[in-house]
Amino acid sequence: MNPTLVQRAQQVLCANDRGGYTIPTAGLYPFQWNWDASVCALGWMQFDEPRAWLEIQTLFSGLWTERDYGGGSAGLLAHITFHQPADSYFPGPDEWGTQALALRTSSISQPPLHATMVRWMLERAQDRAAAESAVRGLLPGLLAHHRWWYRTRDPEGSGLVRILHPWETGMDNSPAWDAPLARVPATTRAYRRRDLDHVDASMRPPQSFYDRVVYLMDANREAGFDPQHMLEAGRFQVNDIGIVCILQRASRDLAVLAARFGDEAAAAEMQGQVQRTQRAVAALWSDRWQQPVSRDALTGELLDQPTSAGLLSAYAGFGFDIAPAVRAGLDETAYGVASTRRSAPTYDAPRYWRGPVWQHINLLISQGLAEQGQAVLAERIRENSRRLFERSGFHEYYHPETGSGLGGRDFSWTAATYLHWLAGQAI
Ligand code: DGY
């Protein structure tokens, strides 16, 4: 543990605290983001347990209910919750067409890490009574959200949920989305990106990406946020291996939590979903890259790109042997798991999800490998991460060859990952 970095990481979270929720970073991301929130909560847990629970409670206050837009999307936990106005981000609260919500949100979701993070928080909590009461209160929302994924994104019960927007993956500009996104029309309406006010264009998605994600955002509004209409009209539908892995792990953890708090029926329901996904996931294996990959749900084609998303399969507990792929990737770069393998033709070292290293992804991959009995490999990733934190502090992401910080600065989930993973129990 490095006491100066611990203090600095705590300062990052405190500076980004907006009273009950943590923005990822000032300017670039001025609202509460979905999967960021649960990672932030892990970090808060190390020095302020009530604040940690509040982060997730605040996030779930934006869960869509039966009263919202006809109720079909009840259980949607949006990727952005707009608790307060800010004008430094596009697309902000007025862009999504969700004005009728009591608490304004976007209309898409993000990787459902929450049940896993809640379980980890419960295991580490010093104040047991407060933790148990918090988890009891969060359980109905967690269950509603998992049911939303299975009900609206896998209505046929195939075992593989689909995403309808690249932003849902959290790995927005991954090369895995290039082919399905190329079929999406570019929007013809005027808009102004704000991300380039904060970060150099070489680290961000290109304009052609924005023109299509804006089209997809507007299509949700035109479908009245009705999940059936969204599936019927959806021009971009992908079985994202990242979401499949994260949901699988979270449903396993949710089953444990539900059983522990006396809801055996919900535990069995989640286990049933887990088994269905376990049977279906073999279809996503890539012989070329020796790891699972995503699939275009409209054409059935594998999106055969070696991205870090598939390396979450150990964390999911799927049982694939991904150790050779992880080792090969680590041998290609100096610092942790690149979001896209350096040996892939689509690799672009500084650009969003096409090369850079994300520390929370390193954590999840390392955790999964440790659980799979790959302790040496897990420790190699952790050690790479420690060197990155010490070299470059708490950036949004990092150059996998030089270790220099990229994207947003003073980034909340990076600081939180440090507190949980590298400073951990030692505080
Ligand atoms: C962005 O705006 O880049 C975000 O990642 C979308 O969630």
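View 1. A polar side-chain atom of D172 lies 2.6 Å from an oxygen atom of the ligand. For W33, a polar side-chain atom is 3.0 Å from a ligand oxygen. In Y352, a side-chain N or O atom lies 3.1 Å from an oxygen atom of the ligand. A polar contact here is a pair of N or O atoms within 3.5 Å. On its own, the ligand has 230 Å² of accessible area, and the protein covers 96% of it. Accessible areas come from the Shrake-Rupley method with a 1.4 Å probe.

**View 2. The shell around the ligand.** Y29, W33, H79, Y89, W167, D172, R204 and Y352 surround the ligand. Each has a heavy atom within 4 Å of the ligand. The shell divides into 5 nonpolar, 1 polar and 2 charged residues. Trp and Tyr count as nonpolar, Asp and Arg as charged.

**View 3. The open sheet β3-β6-β7.** Its 3 strands pair in the antiparallel sense. β3 (238-239) and β7 (302-303) stand at the edges with a single partner strand each, so one side of each lacks a neighbour in the sheet. Strand β6 (residues 294-296) pairs with β7 over 2 bridges. R295 has L302 of β7 as its bridge partner. Strands are DSSP runs (E, at least two residues), numbered from the N terminus, and two strands pair if DSSP finds at least two bridges between them.

**Notes.** Residues are numbered from 1 along each chain as its sequence is written. In this predicted model, local features need pLDDT of at least 70 and side-chain atom pairs pLDDT 80 or more, while totals for chains, interfaces and linings use all residues; side-chain values use heavy atoms, without hydrogens and water.

Definitions and conventions:
A polar contact is a pair of N or O atoms within 3.5 Å; within protein, one must be able to donate a hydrogen and the other to accept it, and residues adjacent in sequence count only if both atoms are side-chain atoms. Helices (H or I, at least four residues) and strands (E, at least two) are DSSP runs, numbered from the N terminus.
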